[in-house]
Amino acid sequence: MKFIRILSFDNQQEAHLVMGRLQNEGVECFLQNENFGTLMPHYANILGSGIDLMIKEADLPQVQVLLSDYLQPNTTVCPHCGSGDITSGYGKNSKSKWFSVLLSLLAAVPFGNIKAKNYCKACGGYF
C-alpha cells in the first residue's frame, strides 16, 4: 500500500479540516510535517515543507471527487500579457533570498516567510 501527497497546507487548522472531511467519507489519510509546520511557521513553504496530506494511492479517484474545490487546475493568467503559461519562482533576486535563508539558518533567526511568486513564461513578468 503506497501513500501519496495530495495537498500541502500553510496552517494546521485548514489541514485538519480537510483531513476530517476525508475521514468522514471513510478515506484513510494522515498529516505529514505537522509538527514542523506548527512549531516553525516562519519556515513553512520553504523547500516544500508545508503540512502534507497523505492518502492511499488507491483512494485517489474518490479523493479527487471529494476535494474537487481544492484540486482545481491552475486558472491564473498573467496580468501583463494575458497568457496562461504560468509557473512559480522566487523573483529576480532569488539568489539574495536564498542567501538570506542560509544566513538566518546559521544565525538561528527567523527570516519571515519567503513565498514563491507567479512567473509568466510568455512575457517574463513576475506577479
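## Order of elements

From the N terminus on, the elements of the protein chain run β-α-β-α-β-α-β-α-β, which comes to four helices and five strands; helices (H or I, at least four residues) and strands (E, at least two) are DSSP runs, numbered from the N terminus. This is a predicted model, in which local features need pLDDT of at least 70 and side-chain atom pairs count only at pLDDT 80 or more, whereas totals for chains, interfaces and linings use all residues. Residues are numbered from 1 along each chain as its sequence is written, and side-chain values use heavy atoms, with hydrogens and water left out.

Of the 127 residues of the protein chain, 29% count as buried, where buried means under 20% relative accessible area, exposed means over 50%, and partly exposed lies in between (1.4 Å probe, protein chains only). Among the contacts in the protein chain with a separation of 6 or more, residues 24 or more positions apart account for 70%, a contact being heavy atoms within 4.5 Å.

Three strands form an open sheet in the order 1-3-2, with antiparallel pairing; two strands are taken to pair if DSSP finds at least two bridges between them. Strand 1 and strand 2 stand at the edges and have a single partner strand each, so one side of each is left without a neighbour in the sheet. On average, and with direction ignored, neighbouring strands of this sheet are turned by 30 degrees against each other.

Strand 2 and strand 3, which run antiparallel, are joined by four bridges, and Leu 31 has Leu 53 in strand 3 as its bridge partner. Helix 1 packs on the sheet, where it touches strand 1, strand 2 and strand 3, and its direction makes about 165 degrees with that of strand 2; axes are lines fitted to C-alpha atoms, for helices over the stretch in contact, and angles run from 0 to 180 degrees between N-to-C directions.

## The nonpolar core

The largest nonpolar core has 16 residues, and those with the most contacts inside it are Leu 7, Phe 9, Leu 22, Leu 53, Ile 55, Val 63 and Leu 67. Strand 1, helix 1, strand 2 and strand 3 each supply at least two residues of this core. Such a core is a set of buried Ala, Val, Leu, Ile, Met, Phe, Trp, Tyr and Cys residues joined through side-chain atoms within 4.5 Å. In soluble globular proteins, nonpolar side chains tend to be buried together.

When residues up to four places away in sequence are not counted, Leu 22 touches Val 27, Cys 29, Leu 53, Ile 55, Val 63, Leu 66 and Leu 67.

A search of the whole structure finds one aromatic pair. Its members, Phe 3 and Phe 30, are arranged edge-to-face, at 5.1 Å centre to centre and with 65 degrees between the planes; rings of Phe, Tyr and Trp (its six-membered ring) pair if their centres lie within 6.5 Å, and planes under 30 degrees apart count as stacked, over 60 as edge-to-face and the rest as tilted. The pair links distant parts of the chain, with Phe 3 in strand 1 (residues 3-9) and Phe 30 in strand 2 (residues 29-32), 27 residues apart. Phe 3 is partly exposed at a relative accessible area of 27%, and Phe 30 is likewise partly exposed at 33%.

## Salt bridges

The count comes to two salt bridges, each defined as a side-chain nitrogen of Lys or Arg within 4 Å of a carboxyl oxygen of Asp or Glu. In one of them, Arg 21 pairs with Asp 69, the closest N and O atoms being 3.4 Å apart. Arg 21 lies in helix 1 (residues 12-24) and Asp 69 in the loop between helix 3 (60-66) and strand 4 (86-89), so the pair ties together parts that are 48 residues apart in sequence. Both residues are partly exposed, Arg 21 with a relative accessible area of 35% and Asp 69 with 49%.

Lys 56 and Glu 28 also meet through their side chains in a salt bridge (3.0 Å, N to O). Lys 56 lies in strand 3 (residues 51-56) and Glu 28 in the loop between helix 1 and strand 2, so this pair ties together parts that are 28 residues apart in sequence. Glu 28 counts as partly exposed, at 42% relative accessibility.

## Two loop residues

Asn 33, in the loop between strand 2 and helix 2 (34-39), has a phi near 65 degrees, a positive value in a residue other than glycine, and is partly exposed at 30% relative accessibility.

Ser 83, in the loop between helix 3 and strand 4, is buried, with a relative accessible area of 18%. Leaving aside neighbours within four places in sequence, Ser 83 is in contact with Thr 76, Val 77, Cys 78, Cys 120 and Ala 122.
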